[in-house]
Amino acid sequence: MEAQGSSANDSMDNLITSPDPDHPANHICTLCRNFYALGWVTGTGGGVSIRDGPHIFIAPSGVQKELMQPANMFVMDYATGAYLRKPPILKPSACTPLFLAAFDRGAGSCIHTHSQWAVLVTLLVEKDAVSQGREVGDACFEIEQIEQIKGIPKGHGKDGMLGFFDRLTVPIIENTAHEEDLTQSLEAAMERYPDTYAVLVRRHGLYVWGANVQKAKTQAESLDYIFRLAVEMRRLDLPWIQ
């Protein structure tokens, strides 16, 4: 049963109230401010979610990320999908079903960014596919022999991180008019590339997840560095694959 009205929310404020900066409700606010400064969540875009035991904490839709407060958080019961806490004047994130797809695969946190570098690499991959006569929908972003690749895990159930000589592959799915309509394509990419911890959305941004929020953040930072480097490499006519 979903919590209804301000009185129900008031009774569940204990879920989002803590002096601990690492509490999910506080941590999401900190991440949103940091991501805003990086240009990842401008114009209220993007989102952050954290699973903490039976609860999922989700940043709302339509709130300026740099001004996010713990009171803005939605809290969902993971087992039932019911909202335990719903701020009465805010909308749930349209990213929620995509976040749940990551949690269903063991993630502890999922981050969605609108990074310009993520968008640009999807366009470069699209351009390459068209020029080479390949199917755009089958093309992934791939790069190797870049040190920052070491910030990405080898894959689910595999120990350690990718190495300098490993090839990083990030699948790309096509954008849709509505965020939630991406869910099926995201899940299909997860099935096709079971070792991936990220999926690019063409002309849109990136979904990245990890076993916990620290790992998801590390991977988001590493990938954004790699995407930016890839764009600059292409400007200099340097190959991504040796």
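Start at the largest pocket: 15 residues line it, and Asp 128, Arg 134, Glu 142, Trp 240 and Ile 241 lie nearest its centre. A pocket here is found on a 1 Å grid over the protein atoms alone, as an open set of points where a 1.4 Å probe fits, with protein on both sides within 12 Å along at least five of seven lines; lining residues have an atom within 4 Å of a point. H4 and S6 are the elements that give two or more residues to the lining of this pocket. Helices (H or I, at least four residues) and strands (E, at least two) are DSSP runs, numbered from the N terminus.

Before moving on, note that the model is predicted: local features need pLDDT of at least 70, side-chain atom pairs count only at pLDDT 80 or more, and totals for chains, interfaces and linings use all residues. Residues are numbered from 1 along each chain as its sequence is written, and side-chain values use heavy atoms, with hydrogens and water left out.

**The pocket and its lining**

Keep the pocket selected. About 300 Å³ of space lies in it. That volume is the space filled by probe spheres set on the grid points, which are joined across faces, edges and corners. Colour the lining by residue type: eight are nonpolar, one is polar and six are charged. In this count Ala, Val, Leu, Ile, Met, Phe, Trp, Tyr, Cys and Pro are nonpolar, Asp, Glu, Lys and Arg are charged, and the others, Gly among them, are polar.

**Asp 128 and its partner**

Now select Asp 128 and Arg 234. They form a salt bridge, with the closest N and O atoms 3.0 Å apart. The term means a side-chain nitrogen of Lys or Arg within 4 Å of a carboxyl oxygen of Asp or Glu. The pair links distant parts of the chain: Asp 128 sits in helix H4, Arg 234 in helix H6, 106 residues apart. Arg 234 is partly exposed, at 26%. The classes are buried under 20% relative accessible area, exposed over 50%, and partly exposed in between (1.4 Å probe, protein chains only).

Select Glu 126 and Arg 203 for another of them, at 3.2 Å from N to O. Glu 126 lies in helix H4 and Arg 203 in the loop between S9 and S10, so this pair ties together parts that are 77 residues apart in sequence. Arg 203 is exposed, with a relative accessible area of 54%.

Next, pick Lys 150 and Glu 147. Their side chains meet in a salt bridge at 2.9 Å, N to O. Lys 150 is partly exposed at 41%. Glu 147 is partly exposed at 47%.

**Strand S6 and the end of the chain**

Go to Glu 144, in strand S6. Glu 144 is buried, with a relative accessible area of 9%. Which residues does Glu 144 touch, not counting those up to four places away in sequence? They are Ile 149, Phe 164, Asp 166, Arg 167, Trp 240, Ile 241 and Gln 242. Contact means heavy atoms within 4.5 Å. Check the C-alpha atoms of Glu 144 and Gln 242: 7.2 Å separates them, though the residues are 98 apart along the chain.

Step to Gln 145, in the loop between S6 and S7. Its phi is near 55 degrees, a positive value in a residue other than glycine. Gln 145 is partly exposed, at 32%.

Then jump to Asp 237, in the segment after H6. Phi of Asp 237 is also positive, near 60 degrees. Asp 237 is exposed, at 67%.

**The cores**

The largest nonpolar core has 50 residues, of which Phe 141, Ile 143, Leu 168, Leu 200 and Leu 223 touch the most other members. Helix H6 (213-235) is among the elements that each supply at least two residues of this core. H6 gives the most, with nine residues. A nonpolar core is a set of buried Ala, Val, Leu, Ile, Met, Phe, Trp, Tyr and Cys residues joined through side-chain atoms within 4.5 Å.

Centre on Leu 168. Its contacts beyond four places in sequence include Phe 141, Ile 143, Leu 223 and Ile 226.

**Last stop: Asn 26**

Finish in helix H2 (residues 24-37), at Asn 26. Asn 26 is buried, at 16% relative accessibility. Its contacts beyond four places in sequence are Ser 18, Pro 19, Asp 20, Pro 21 and Pro 70.
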